[in-house]
Amino acid sequence: MSFDTLYKNMITLYEEEGKKWCDELPEKVDHIVKHFGITETLPYENLSYNYVVSGLMNNHPIVIKIIYDKKNLHYESKSLSAFKHVGSVNLLYRGDGFLLLEKSIPGSSLATMIDNDEDILLLSHVIHQLHTLRDYKRSDFRNLQDLFSVFDQEWNFPNDYLHKVRLIRNYFNNQNQQQVLLHGDLHHDNILKHGNNWKVIDPKGIIGNPLYDATSFILNPIRLLKNKEEEYLSKLFARRIKKISELQGWSEQNLTAYSFMYTILSWIWALQDGTDIEYQQKCANILDSFMT
Ligand SMILES: Nc1ncnc2c1ncn2[C@@H]1O[C@H](COP(=O)(O)OP(=O)(O)OP(=O)(O)O)[C@@H](O)[C@H]1O
Ligand SMILES: [Mg+2]
């Protein structure tokens, strides 16, 4: 059952508090549903860190997203408000510990478009739209450097990777990088079909180099890729890096380096969460081979 993963993750991360949050979810949903007159509620499957339920409010399809971490909720709501006119779903209400969102219909994810690399074109279009945004309040968001600061700690993985990732980060820091409001987690499952368009959900509220927004996509959808041979992945990543760079006018070399940084970052997150690191290891080896 999908709830098992959420329950396990929340206890691993937040112990007693996480368990309490999970145990109180039915009560919380009940309270929100009664307060807003929401009907026909149905939880999404395969949830991992947040509890997400669809429903109807005044006959409009909506989504309730219950979020444990107050900072994450803050950044998500600020980013959704900022991206409102450039391709995110509408934020309808920000509550204490939850968000009410417009529901995308049909809501199928970009993962349904991976044949013939159609996902690459759509991703490029989404990035292009999001990164046109100029009028956002910088103090509402965090910086990518805050995320990259974990590279300064020691981690249980190859020393040369840690050394390399620090060099890459420092190289870009000395480059006077362009800064935009990023989505921050732009993988296939966070881009949903919305009528004839595609809209993003689940933004992270990070300011940084535009290249970062293609990195998560390059490695995803993990559920479909994690058992593939290294040769298959290597060809796929090379193709994606080349095409995205062409479409965005970016340097292939820079996008490869950024993808390597993201891979190491997600490897560290996996270590922190106590989840499997096999896929990150495989991706790091592939991207490293592109750089040497
Ligand atoms: N506005 C929306 N319209 C349609 N479906 C949505 C919407 N928001 C969320 N969903 C569905 O719920 C899933 C999880 O939502 P979301 O991506 O916001 O949370 P998450 O932080 O990724 O959660 P988790 O970490 O638990 O997977 C999405 O992959 C999507 O299937
Ligand atoms: Mg998501």
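This is a short walk through the structure, stop by stop, with something to select at each one.

**Before you start**

The model is predicted, so local features need pLDDT of at least 70, side-chain atom pairs count only at pLDDT 80 or more, and totals for chains, interfaces and linings use all residues. Residues are numbered from 1 along each chain as its sequence is written, chains are lettered from A and ligands numbered from 1 in the order in which they are written, and side-chain values use heavy atoms, with hydrogens and water left out.

**Stop 1: the magnesium ion**

Select ligand 2, the magnesium ion, together with Asn190 and Asp202. Asn190 (OD1) and Asp202 (OD) coordinate the ion at 2.3 Å. Donors here are N, O and S atoms within 2.8 Å of the metal (3.2 Å for Na, K and Ca); water is not among the atoms, so sites may look incomplete. Asn190 is found in the loop between strand E8 (180–182) and strand E9 (191–194), while Asp202 is in the loop between strand E10 (197–200) and strand E11 (206–208). The two residues are 12 apart and link distant parts of the chain. Helices (H or I, at least four residues) and strands (E, at least two) are DSSP runs, numbered from the N terminus.

Are these two residues buried or exposed? Asn190 is buried at 4% relative accessibility, and Asp202 is buried too, at 14%. Buried means under 20% relative accessible area, exposed over 50%, and partly exposed in between (1.4 Å probe, protein chains only).

**Stop 2: salt bridges**

A salt bridge is a side-chain nitrogen of Lys or Arg within 4 Å of a carboxyl oxygen of Asp or Glu. How many salt bridges does this rule give? The count comes to 16.

Now pick Arg239 and Asp117, whose closest N and O atoms are 2.8 Å apart in a salt bridge. Arg239 belongs to helix H9 (residues 230–248) and Asp117 to the loop between strand E6 (106–109) and helix H4 (118–130), so this pair ties together parts that are 122 residues apart in sequence. Arg239 is partly exposed, at 37%, whereas Asp117 is buried, at 11%.

Stay on helix H9 and select Lys242 and Glu246, which are four residues apart there, or about one helical turn. Their side chains meet in a salt bridge (3.2 Å, N to O). Lys242 is partly exposed, with a relative accessible area of 43%, and Glu246 is exposed, at 53%.

**Stop 3: two helices crossing**

Next, show helix H7 (residues 212–219) alongside H9: their axes come within 10 Å and cross at roughly 150 degrees. Axes are lines fitted to C-alpha atoms, for helices over the stretch in contact, and angles run from 0 to 180 degrees between N-to-C directions. H7 and H9 are therefore roughly antiparallel to each other; angles under 35 degrees count as roughly parallel, over 145 as roughly antiparallel, 65 to 115 as roughly perpendicular and the rest as oblique.

Which residues make the contact? Select Ala214, Phe217, Ile218 and Leu219 of H7, then Phe237, Arg240, Ile241 and Ile244 of H9. Contact means heavy atoms within 4.5 Å.

**Last stop: Ser124**

Finally, click on Ser124 in helix H4. Ser124 is buried, at 6% relative accessibility. Not counting residues up to four places away in sequence, Ser124 touches Ile244, Leu247 and Gln248.
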